[in-house]
Amino acid sequence: MNPFFFGRSARQLYGAYDPPGDASRDLGIVLCPPLGDEQVFAHPTYRLLARQLAAAGCHVLRFDYYGSGDSAGDFEDTNQADWRRDVDTAITELMDVGQVSRVALIGLRFGGTLAAEVAATRDDVDRLVLWDVICDGREYLAEIHATPARPDEIVDACGLGITPRARTDIEAVTLESFGPPLPKTLIVTTAASATKHEMLRDRLISAAVDCTLQHTPDTMAWKERPVGTAAMPVNTLKRIVAWLS
Amino acid sequence: MSLPFREKVVTFGEGKSLVGILTIPAEPRVGGAHVVLINAGVIHRVGAHRLYVGFARAFAEAGTATLRFDLSGIGDSERQSGEWTLSLADSVTRDISSALDFLSAEYGAERFVLAGLCSGAFDSFEHAVHDPRVVGAVMIDMPGPFRNWSYFVQHLAVRVLRMASWRTFAKQLARAATAPGDQVQSERDRREAVMTGVRMPVPVEQLDANLHTLLARKVALAFVFTGGVSDYYNHRTQFRLRFPRAAAHAGLCVEFVHWSNHTFSTRKARAYITGFLKDWLTNNAL
């Protein structure tokens, strides 16, 4: 694993590149993290997933959005367009570092939302994994308690200061935000209910996207684990690696 | 506009398997100490709610370089060889020593301040006792034997005034009357274990002795407690009453942020603790 900063010097992003094991494939995989605390809690799972994908011959890049994790900046200074731009920058970086011509994106929670938005704008993304993806921005904001008392308030939620601009961006996310065009897509759901994701799958299939939904309740990688437990969503990781292999 | 610092990815330790981010001030303070931030539990080096990132950048504004890194097996740091033959305490000691050795060799650092939240506080304190290079330590919500009579007086005073507490008390009494003694004890042990993470609890006499060792060595100490650890700390003067000799020493500072939770989840709380520690470093010439 090679940790490094990349991108413009005034806007450097943190990345961790896992080179492929023995049998290298012409496939790079960018892991798009969720936002805020969910990214911190998902870190061990993303690290394990990156290793497994690298062992399967892929070039893998984990990264932090500007204003999050180890990357430069503050979250309050960013918005959804910035996060999408960061995904784009990460793809370009991985294609350069790994010398690959094809890329797959894996996105967990809001990282999935961003991955889908970016995948719809590029020709070189040929696989997409949407893992417990957020497809209802209003529901997501309510879930993380990001409801402000005043419209101009910056709300503390999920370890972030969510600005009115970011809130407006997130609120605008609905099922209609998801392509087409989208590449071959796997929707992975680990929550007990998959109703929203079934609707997303149906929408994508009706738009001629090659889309599969796998619904298997599992450990939620993006939630805080109680002290003393080390459970990882190993079955979900196996499914993702198998699908991409 | 240029930033008052730059950030650099660093790797060190055996096989360069430990990963950290070094925040280097644009205008370093001459003779200043280097701060090293220690993981809070299994949260990687950014800290809960990015607390450690904020610390490092604020300290850099005051001219202090800060390394925040992952202990082996946490975040991006690999487990090192022989990991399974070491106790957790020995593994942590080895990793912190590696960080200090690295900063000495690569950046000429000679004086260090260790800082951390929760288990990171515990590890900072324990390492400071045995490493003479450490000239300051910050312990935020350090688990330990801080409860004393004044804790229980405060605890009871608050409870007596709350009606809901009486109902809970009645339920607990009924449960204790029917549960075997060892079951009650194991419940208490489990709670203690959660509080200390997986660190071994330290007897009060040992903590008192270690405080004296450090203060005699002129190590500046800052203890911060939040409202999130009301299980063992619940009023401003508790530390002074528990450790009167140490508390009388000018090198020791105690802050009680009762209005914040354990992980400083609001921007207001993060800004407060960051400013407090930045000032503490400056005031102690660290």
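Predicted model: local features only at pLDDT ≥ 70, side-chain atom pairs only at ≥ 80, totals over all residues.
In this report a residue counts as buried when its relative accessible area is under 20%.

Just after H2(B) comes Gly108(B), with a positive phi of about 70°.

Helix H3 of chain B covers residues 119-130. From first C-alpha to last, its 12 residues reach 17 Å, close to the 16 Å expected at 1.5 Å a residue. How many of the residues of H3(B) are buried? The count is 10 of the 12, so the helix is largely enclosed by the rest of the structure. Among these buried residues are Phe122(B), Asp123(B), Phe125(B) and His127(B). The cover over them includes helix H2 (88-107) and helix H7 (204-216) of chain B, along with strands S3 (34-38), S5 (112-117), S6 and S7 of that chain.

**Aromatic rings in chain B**

Across all chains, a search of the whole structure finds 28 aromatic pairs. Two of them share Phe239(B), and both are tilted:

| Ring pair | Centre to centre | Angle between planes |
|---|---|---|
| Phe146(B) and Phe239(B) | 6.0 Å | 35° |
| Phe223(B) and Phe239(B) | 4.8 Å | 40° |

Which parts of chain B does the pair of Phe146(B) and Phe239(B) tie together? Phe146(B) sits in the loop between strand S6 (134-140) and helix H4 (149-160), while Phe239(B) belongs to helix H8 (residues 238-242), so the pair links parts 93 residues apart in sequence. Phe223(B) is found in strand S7 (residues 220-226), so its pair with Phe239(B) in H8 joins parts that are 16 residues apart. Phe146(B) and Phe239(B) are both buried, and Phe223(B) is buried too.

These rings belong to a cluster linked by ring pairs. Its members are Phe125(B), Phe146(B), Phe223(B), Phe225(B), Tyr232(B), Tyr233(B), Phe239(B), Phe243(B) and Phe256(B). One of them, Phe125(B), is also on the list of buried residues of H3(B).

**Arginines over rings**

Arg127(A) lies over the face of Trp243(A), 4.9 Å from the ring centre. Arg45(B) lies over the face of Tyr14(A), also at 4.9 Å from the ring centre.

**The sheet of chain A**

Chain A has an open sheet of eight strands, in the order S1-S2-S4-S3-S5-S6-S9-S10 and with mixed pairing. Its edge strands, which pair on one side only, are S1 (2-6) and S10 (211-215). On average, neighbouring strands are turned by 20° against each other, direction ignored.

Within the sheet, strand S2 (residues 13-18) of chain A pairs with strand S4 (residues 59-63) in the antiparallel sense over four bridges. Gly15(A) has Phe63(A) of S4(A) as its bridge partner.

Two helices pack here. Helix H1 (residues 37-55) of chain A lies across S2, S3, S4, S5 and S6, running at about 170° to S4(A). Helix H3 (residues 110-119) of chain A packs on the sheet and touches S3, S5 and S6, its direction making about 150° with that of S5(A).

Note on methods: Residues numbered from 1 in each chain as written. Chains lettered and ligands numbered in written order. Heavy atoms only, no water. Pairing = 2+ DSSP bridges. Axes fitted to C-alpha atoms, helices over the stretch in contact; angles between N-to-C directions. Contact = heavy atoms within 4.5 Å. Phe/Tyr/Trp six-rings, centres within 6.5 Å; stacked < 30°, edge-to-face > 60°. Buried < 20%, exposed > 50% of the residue type's maximum accessible area, 1.4 Å probe, protein only. Lys NZ or Arg CZ within 6 Å of the ring centre and 35° of its normal. Expected span 1.5 Å × (residues − 1).
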